[in-house]
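Have a look at the sequence and the fold first.

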Amino acid sequence: MNKKSLAPVVPLRREFLRGVGYTAAALAVSSRLRADDVPQPAYRASTDASDDPLFMSATKLAGLIRSRQISAAEAVKLHIAQIEAWHPKINAVVATCFERALYEAETADGALARGDKLGALHGVPMTIKDSFDTEGVVSTAGTLGRKDFVPGYDATVVARARAAGAIMLGKTNTPEFTLGGGGRGTFNLVYGMTNNPYDIRYQPGASSGGSGANVASGGASFDIGSDIAGSVRYPAHINGVVGLKPTFGRTSRFGHIVGYGGAYDSFQETGPLARRVEDLALLMPIISGPDNRDCALAPVPFGDPWAVNVRKLRVAFFATNGENHPTQEIQAMVKRCAQYFAAAGCRVTEDMPPMMGELGYARGVVSSASDGYLTKTLLARAGTKQAGPGLMYPGDPKPAGEFTRAYELLDAARSAQLAWFENYDVIVCPVSTRAGNPHGYESPPSPPSKPGRANPYYMAGFNTNGWPAGVVRAGTSKEDPGLPLGVQVVGQPWRDDVVIAALAHIEKHSGGFVPPKLPA
């Protein structure tokens with residue numbers, strides 16, 4: 001890879017808080033929620049063996065802060081230094097609120113000393129994908145029209161994480177509106193390109209690529225991203241971290257640049273990226289549930305992943321969908337992960353959901369039928385006059401009858417797949433066909449989704465049917481040397497807890513996260 005193909009890194013954007021001066025009142029910008037307003041998962045001792053605060057799990061770091069083995073201020077300072085060390089190499093965190101974070105950390109330490117009631121994430125550093133609105137901190141969504149936009153509120157998932165005690169350090173890079181970038185990966189005209197921390201010649205994934213790269217490089221204990229076609233799961237795969245796309249209706253899209261409602265409503269969810277599976281179990285109850293804004297949310301309790309009997313799971317797996325074959329090392333990894341369950345006594349069957357081709361075809365018709373309405377509307381709302389290269393304008397207008405038939409086919413496929421899933425609890429399958437793409441890589445065209453054929457993609461179908469799906473590192477590539485390899489686990493609707501339990505089982509056998517080394 002020629003170094004000239006790498007885009008120059010944009011200087012780290014410093015404090016961008018609303019107001020003049022850093023008085024205590026100005027710095028104390030906060031969500032309107034408090035610890036009592038969000039679920040507080042019962043404390044569970046961490047199983048993470050790491051002793052490095054930069055790379056241990058959020059669960060373990062939260063425990064160390066509570067037991068005063070490390071202060072919140074110390075944790076925040078360590079993570080700020082890590083972001084600054086890695087930024088020239090990967091450009092993952094693109095806007096910061098370090099001074100506010102230090103103020104909040106000192107406040108958190110004071111609350112602990114006084115014996116105040118603490119949230120489950122008390123003092124834990126986090127970053128947030130730049131597609132979410134964040135109170136007092138610039139929120140560009142990667143588009144020029146919002147390059148100086150500072151919201152007056154937090155998106156729901158951000159507010160809930162902050163109410164539980166998490167301290168935001170900054171925003172992570174994303175393509176324009178999460179939809180742009182094209183073959184450039186995580187790229188926009190505001191902040192430029194983000195690189196993979198394991199090899200800066202490679203892309204860090206899809207629209208949550210900045211999130212995955214920063215968590216992998218130790219810049220935050222966790223991040224919250226969004227996933228409309230794999231944008232939490234693919235960065236988890238390529239950056240060697242864990243990520244969960246929850247069941248549709250589990251987490252709010254309020255305050256996200258591509259919000260709720262409309263023809264594409266059921267395709268997108270928001271979810272966390274972290275380094276250890278135990279953190280998914282910690283974070284998901286906090287950010288889940290109705291918020292009286294996102295009208296798709298349902299008040300479904302979040303099950304306890306640690307109460308799931310993994311040995312009794314009925315597991316389906318497929319290493320290839322027969323249309324778009326993964327590399328041999330990825331197929332072997334999927335089969336190896338399936339064997340982890342077989343060795344535990346699970347019933348394991350090679351099988352895959354029916355009508356995936358119909359599902360993909362129907363989604364394609366629905367997505368293009370409006371002649372790019374979503375993208376055009378986003379550009380107009382943002383006031384963006386110059387869209388970035390690669391911004392998707394899917395447009396193939398259809399008459400109302402054809403649009404309706406596509407939705408009928410979509411629902412028929414969903415129904416058939418639900419009936420199929422009665423025989424299983426989880427699916428183990430690939431995330432993608434290869435470890436990762438270098439900058440400048442031109443993907444060969446995939447065969448289109450058609451009724452009667454398998455969907456050539458491995459992630460988007462599980463957005464379309466709304467099932468929970470997560471990713472954990474399960475290997476290391478030899479074909480793209482040193483890059484992580486993730487495996488995908490999919491569950492029945494509302495059984496996000498079972499997905500997390502299955503991911504933890506794989507992590508126990510594969511070892512999971514391995515920190516990258518800072519490039520020279």
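## Charges and surface

In this predicted model, the protein chain carries 52 positive and 47 negative charges, and their mean positions lie 2 Å apart.

## Overall build

Going by secondary structure, you'll find 14 helices and 13 strands in the protein chain. Its radius of gyration comes out at 21 Å, close to the 24 Å that the globule rule gives for 520 residues, so the chain is as compact as a globular protein of that length. Along the principal axes, the C-alpha atoms fill a box of roughly 65 × 55 × 50 Å.

Buried residues account for 62% of the 520. If you take the contacts with a separation of 6 or more, 80% of them link residues 24 or more positions apart.

## Inside the cores

The largest nonpolar core has 81 residues, and the members touching the most others are Leu-121, Phe-222, Leu-313, Phe-341, Val-428, Val-487 and Ile-506. Take Val-487: leaving aside residues up to four places away in sequence, its contacts include Met-333, Cys-337, Val-428, Gly-470 and Ile-506. There's also a second, separate core of 23 residues, with Ile-228, Ala-316, Phe-421 and Val-490 among them.

Helix α11 spans residues 373–382, and its buried residues are Thr-375, Thr-377, Leu-378, Leu-379 and Ala-382. Just after α11 comes Gly-383, which takes a positive phi of about 75°.

Definitions and conventions:
Residues numbered from 1 in each chain as written. Predicted model: local features only at pLDDT ≥ 70, side-chain atom pairs only at ≥ 80, totals over all residues. Heavy atoms only, no water. Helix = DSSP H or I, 4+ residues; strand = E, 2+ residues; numbered from the N terminus. Rg over C-alpha atoms; globule rule 2.2 N^0.38 Å. Buried < 20%, exposed > 50% of the residue type's maximum accessible area, 1.4 Å probe, protein only. Contact = heavy atoms within 4.5 Å. Lys, Arg positive; Asp, Glu negative; His and termini not counted. Charge placed at Lys NZ, Arg CZ, Asp CG, Glu CD. Core = buried A, V, L, I, M, F, W, Y, C linked by side-chain atoms within 4.5 Å.
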